[in-house]
Amino acid sequence: MKTLTLCLATVAVVGAVMLTGGCKKSGGDTIKVGEFASLTGKEATFGISSHEGTQLAMEEINAAGGVLGKKIELLTEDTQSKAGEPATVVNKLVARDGVIAVLGEVASSRSLEAAPICQQNKIPMVSPSSTNPKVTETGDFIFRVCFIDPFQGTVMANFATKTLKAKKVAVLTDVKSDYSKGLAKFFKERFTANGGTIGTELDYNGGDKDFKAQLTAIKAANPDGVFIPGYYTDAALICVQAKQLGLNVPLFGGDGWESEELVKIGGDAVEGNYFSTHYHPDVGSDVSRKFVENYRKRWNGKTPNALAACGYDSALVLGDAIKRAGSTDGQKVRDALAATKNFQAVTGVITVNESRDATKSAVILQVKGGKFNFLETVAP
Ligand code: PHE
């Protein structure tokens with residue numbers, strides 16, 4: 001009672017602006033949107049980049065007047081790159097904070113952990129960049145603004161066949177990651193359909209430090225290349241140890257390689273290697289150029305990567321859906337998200353398809369002089 005009285009007094013004296021900070025719990029003065037991201041831990045750069053894009057989009061939406069006459073309040077939770085955390089923090093966002101929608105995660109396994117909570121509570125969830133098909137298969141409240149791994153696997157298999165002219169490839173999979181297992185499978189399907197052979201198939205556990213046993217076996221099989229569908233910390237160490245063992249063939253992966261840490265950890269050993277991802281600042285529309293400019297201004301001159309672009313797009317698509325829904329009701333926002341069509345985003349034009357995924361192009365990048373150089377765009 002006391003808080004409420006105080007708040008009302010504040011409103012009378014200082015005006016409605018104070019409402020945001022003054023009496024959050026008593027009214028719907030803002031529209032609360034949750035975000036869960038790996039801001040610390042093994043995949044910290046994923047969460048940080050994605051969050052920077054997401055926050056920039058929210059600030060731009062708010063600067064342009066917000067949605068439904070209100071400002072969006074972004075509540076961000078750290079998953080620490082750990083299993084178990086996504087469920088904890090998303091439960092908190094939904095049950096305690098009362099968010100009307102959730103943005104996240106980057107890593108497919110963490111999106112898969114939180115998606116059933118959003119689905120059960122009828123809270124729309126939009127993943128910026130989780131590519132495993134199972135994420136949106138969780139249910140009709142779960143969306144993503146990126147392509148999926150059956151496409152990404154095909155892109156890299158065709159690249160191995162046509163550009164690298166590889167006939168025999170080894171695959172090294174992180175068995176702890178749904179992303180890695182899925183991407184390995186889709187890659188193998190297409191590469192063998194192209195007439196190639198998978199010479200060696202070996203596993204590791206995300207977070208391992210020693211890959212010498214697997215790499216020694218791979219080297220003995222004499223492949224034309226090694227596909228490593230993992231995340232940057234592991235992928236970089238694998239490249240370092242492959243070089244130490246004299247395994248001098250192209251090493252290549254998917255979007256999970258995208259981090260400045262890949263080069264910091266991998267150094268020389270990652271030079272010349274390849275990966276596919278969602279976006280590169282050198283290619284793109286006017287929307288993309290504007291985004292690069294605004295991102296640099298907002299984040300101390302940093303150039304945005306694919307994670308930042310996908311994070312930005314996830315927030316824009318959600319903001320647009322809330323506007324079209326004319327309401328923050330979960331079912332209505334869900335319906336509006338499902339109806340997203342020809343939305344000009346930074347990573348491309350987004351139309352949400354019947355599986356609640358986006359059909360978009362991939363880009364292939366090569367590590368050159370410690371930078372990620374754009375090689376080609378592959379349309380779906
Ligand atoms: N696609 C990865 C996954 O599903 C996450 C990722 C997206 C990593 C974009 C890097 C860049 O787990």
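**Overall fold and packing**

A: Of the chain's 380 residues, 56% count as buried; buried means under 20% relative accessible area, exposed over 50%, partly exposed in between (1.4 Å probe, protein chains only).

Q: What should I know about the source and numbering?
A: This is a predicted model: local features need pLDDT of at least 70, side-chain atom pairs count only at pLDDT 80 or more, and totals for chains, interfaces and linings use all residues. Residues are numbered from 1 along each chain as its sequence is written, and side-chain values use heavy atoms, with hydrogens and water left out.

Q: How many helices and strands does the chain have?
A: 14 helices and 14 strands. Helices (H or I, at least four residues) and strands (E, at least two) are DSSP runs, numbered from the N terminus.

Q: And what is the radius of gyration?
A: 22 Å, close to the 21 Å that the globule rule gives for 380 residues, so the chain is as compact as a globular protein of that length. The radius is taken over C-alpha atoms, and the rule is 2.2 Å times the number of residues to the power 0.38.

Q: What box do the C-alpha atoms fill?
A: Roughly 75 × 40 × 35 Å, along the principal axes.

Q: Switching to sheets. What is the strand order in the open sheet of seven strands?
A: β7-β6-β8-β9-β10-β13-β14, with mixed pairing. Two strands pair if DSSP finds at least two bridges between them. The edge strands are β7 (197–204) and β14 (371–378).

Q: How do β9 and β10 run, parallel or antiparallel?
A: Parallel, with two bridges joining β9 (residues 251–253) to β10 (residues 274–277). Phe-252 has Tyr-274 in β10 as its bridge partner.

Q: Which strands does helix α7 touch?
A: α7 (residues 149–163) touches β8, β9, β10, β13 and β14. Its direction makes about 145° with that of β10. Contact means heavy atoms within 4.5 Å. Axes are lines fitted to C-alpha atoms, for helices over the stretch in contact, and angles run from 0 to 180 degrees between N-to-C directions.

Q: What about α8?
A: Helix α8 (residues 178–193) lies across β6, β7, β8 and β9, at about 165° to β6.

Q: Last one: how do α3 and α13 cross?
A: Their axes come within 7 Å and cross at roughly 35°. Residues in the contact include Phe-46 and Gly-53 in α3, and Leu-307 and Gly-311 in α13.
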